[in-house]
Structures are given as structure tokens and as C-alpha cells.
Amino acid sequence: MRVNVQLIEARSDTHLWANTYDRELKDAFAVESEVSQDIAEALKTRLSPREVTALAKAPTDNAAAYDLFLKAEYEARQAADSGLDADYRRADDHYREALALAPDFALAHARLALCMLSRHWLVKPLSAAELSEVKQSIDRARALAPQLAEAQLALGYFYFWGSRDYAPAKTAFEQALKLEPNNAQAISALAFINRRQGHWQNALDGLASAVSHTPLDGALLAEYGATFMLVRRYAEAGQALNRARVLDPEFMDARAFLARNFLIGFGDAAGALQAFDGLPTARMAPVNNDDGDVINLVNARVYPYLYQRRYDEALQAWDARSRR
């Protein structure tokens with residue numbers, strides 16, 4: 001295989017560095033590590049011994065297992081958007097298939113646990129046996145790779161999403177940041193805990209930091225916008241949510257949050273309906289019961305019609321919703 005790499009300064013469109021790597025396909029993971037270290041050197045970045053070790057270590061040497069892992073990662077992202085149990089279980093199955101081929105694949109253990117916890121939090125509570133499996137996956141990942149930030153991240157969410165036990169969750173997320181200081185998931189996780197505990201400015205500051213590290217993450221921008229909405233800073237919420245919609249036009253949470261912002265912040269039902277422009281009629285925001293929240297109960301794409309007392313159109317929109 002041949003890998004051509006260019007490093008460009010985006011602000012000025014200046015060419016900084018380039019190289020070509022001719023390697024055997026079996027050395028794909030090794031060339032990834034080599035490229036990363038060469039880029040760090042080109043940027044005159046001083047790597048710590050731990051960072052050098054982390055870059056040199058491949059996630060697994062089993063290409064078939066890694067392929068299944070990538071499929072699982074894709075399915076997990078699809079599930080986070082759709083909110084469908086079947087999509088989550090499809091991702092879980094791919095993670096397990098990867099682990100069947102490579103039992104010591106620490107990252108796959110950690111991501112399987114995180115995917116199951118996401119299903120527990122967003123879709124349907126896991127059984128006691130499933131939660132036990134989650135903890136076993138996390139423990140296995142930590143035993144295999146003590147310096148793996150993703151394993152600490154999964155442990156944090158085990159306490160956060162698994163039992164709403166915020167103190168040990170914070171400890172785990174902070175440990176993930178010690179291992180990987182720019183880990184946007186750990187930064188945002190701490191912000192989400194601050195949000196739940198009513199520490200609003202800390203939550204906003206944390207999410208701003210996470211967004212600065214991953215500015216193209218539409219889901220994270222949507223959460224940032226939703227947090228502005230919670231503290232009634234509706235103009236700033238709209239800015240973040242519109243950015244999220246542009247980055248990921250198919251992401252329903254961003255659309256639903258934006259519609260809610262138009263309604264609650266400005267009483268603008270027309271704007272709320274326009275938040276869903278460009279999507280097929282059948283694509284609707286997930287219907288979740290958030291503590292009796294009437295917008296979610298009715299459905300974020302239906303509620304603007306109800307708000308305007310356009311009941312016939314509300315019923316038509318409800319009947320057209322996806323039943324996947």
C-alpha cells in the first residue's frame with residue numbers, strides 16, 4: 001500500500017510538510033503510528049514517553065477484528081441518532097464479533113461497555129445481568145490497557161449512566177483526562193455532570209472547551225446549544241444549534257432542540273417547523289417521555305402544529321411519523 005500524507009496550515013492554506021509511505025498492508029497499524037510521530041515532529045511537538053508508547057501501540061493486530069470494530073463504531077453512531085434498540089444491539093453484536101476474534105482488544109471491550117450504557121440511558125434500562133456484563137467489559141479493558149483513556153471513560157459512564165453516582169463518575173472522567181488531556185468526551189462528560197447538578201456556568205465552560213477540541217461534532221454542539229437553552233440564553237442556543245444542523249443535517253436531536261428553542265425562547269411556531277426543513281415527512285424526532293415533557297410526549301415535529309392549534313395538521317404529522 002502507499003500512503004500519501006500532507007500537513008496543511010488551514011488558516012493560511014500553507015503547505016507545511018508531506019511524505020509518502022510504501023508499506024505492506026499487514027503493517028497498516030505500524031504506519032499509522034509512524035505517521036502520527038512524524039507529524040508531531042514536523043509540528044515541533046514534544047511527546048512524552050507515555051505518548052510515544054501510546055502512538056506505537058496498535059489497538060489490535062487482528063485486521064478482521066478491527067474491521068468488525070469499525071462496523072460497530074458506525075452502528076453505534078447510527079443508534080445514538082435513531083434511538084432504536086435494534087440499532088444498538090446491532091452495534092453490540094459487531095463489538096462482540098470483534099472480541100471473539102481478538103479477546104485482548106481492550107478498546108473494543110471499552111466501546112462495547114459504552115454502547116450498552118448508552119442504550120441503558122437513552123432507550124431501555126439494562127438488566128442486572130447486562131450491567132454485570134458491562135462492568136466485566138470495563139474491568140477487562142482496564143486490566144489489558146491501564147493507560148487507555150477510553151476504559152476510564154467507560155468506567156465513568158458506568159457510574160454516571162448506570163447508577164447516577166456522580167462522585168466516582170467524576171473521578172473516572174478526571175483520570176481519563178490525566179491519561180489524555182484533550183479527550184473531548186471526558187471533558188464533556190464532566191460538563192454533563194455539572195449540568196445535572198445545576199452548576200450551569202461550569203457546564204457551559206466545559207462544553208465550550210469540548211467543542212473547541214472537536215468543532216465538527218454536531219452532537220456535542222447540539223448539547224452545548226441545549227444547555228444555553230436551559231439557562232434561557234436563547235440567542236446563543238440558536239447559534240450553536242444552527243451550527244449543529246449545518247454540520248450534521250440528518251441529526252434529529254439538533255433539529256428537535258432547535259425547534260424547541262424557537263418555541264420556548266421566541267414563541268415562533270413557524271421557525272420551529274422550519275427547523276425540520278429538508279427532512280422527509282417520516283423522519284421525526286424520537287418520542288421520549290422526559291418526566292412528562294409535553295413537547296417530547298407529543299413529538300417535537302408535531303408539537304408546533306399543536307402550539308398553533310392546527311389540530312388537523314398535527315394529527316396528519318403524527319400519523320406520518322416513522323414507526324421503525
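Leu153, Tyr157 and Phe160 in helix α7 meet Gln185, Ala186, Ala189, Phe192, Ile193 and Arg196 in helix α9, where contact means heavy atoms within 4.5 Å. By class, this contact of α7 with α9 has seven nonpolar, one polar and one charged residues. Here Ala, Val, Leu, Ile, Met, Phe, Trp, Tyr, Cys and Pro count as nonpolar, Asp, Glu, Lys and Arg as charged, and the others, Gly among them, as polar.

The model is predicted: local features need pLDDT of at least 70, side-chain atom pairs count only at pLDDT 80 or more, and totals for chains, interfaces and linings use all residues. Residues are numbered from 1 along each chain as its sequence is written, and side-chain values use heavy atoms, with hydrogens and water left out.

Two packed helices are described by the angle between their axes and the distance between the axes. Helix α7 covers residues 149-163 and helix α9 residues 184-196; their axes come within 10 Å and cross at roughly 15 degrees. Helices are DSSP runs (H or I, at least four residues), numbered from the N terminus. Axes are lines fitted to C-alpha atoms, for helices over the stretch in contact, and angles run from 0 to 180 degrees between N-to-C directions. α7 and α9 are therefore roughly parallel to each other; the term applies to angles under 35 degrees, and roughly antiparallel to those over 145.

Next comes helix α3 (residues 63-82) with helix α4 (residues 85-101), whose axes come within 8 Å and cross at roughly 165 degrees. That makes α3 roughly antiparallel to α4. Their contact divides into 13 nonpolar, three polar and six charged residues.

α3 also packs against helix α5 (residues 106-122), at an angle of about 20 degrees and with the axes 11 Å apart. This makes α3 roughly parallel to α5. On the α3 side the contact is made by Phe69, Glu73 and Ala76, and on the α5 side by Leu107, Ala108, Arg111 and Cys115. Five of these residues are nonpolar, none polar and two charged.

Definitions and conventions: Helices (H or I, at least four residues) and strands (E, at least two) are DSSP runs, numbered from the N terminus. Angles under 35 degrees count as roughly parallel, over 145 as roughly antiparallel, 65 to 115 as roughly perpendicular and the rest as oblique.
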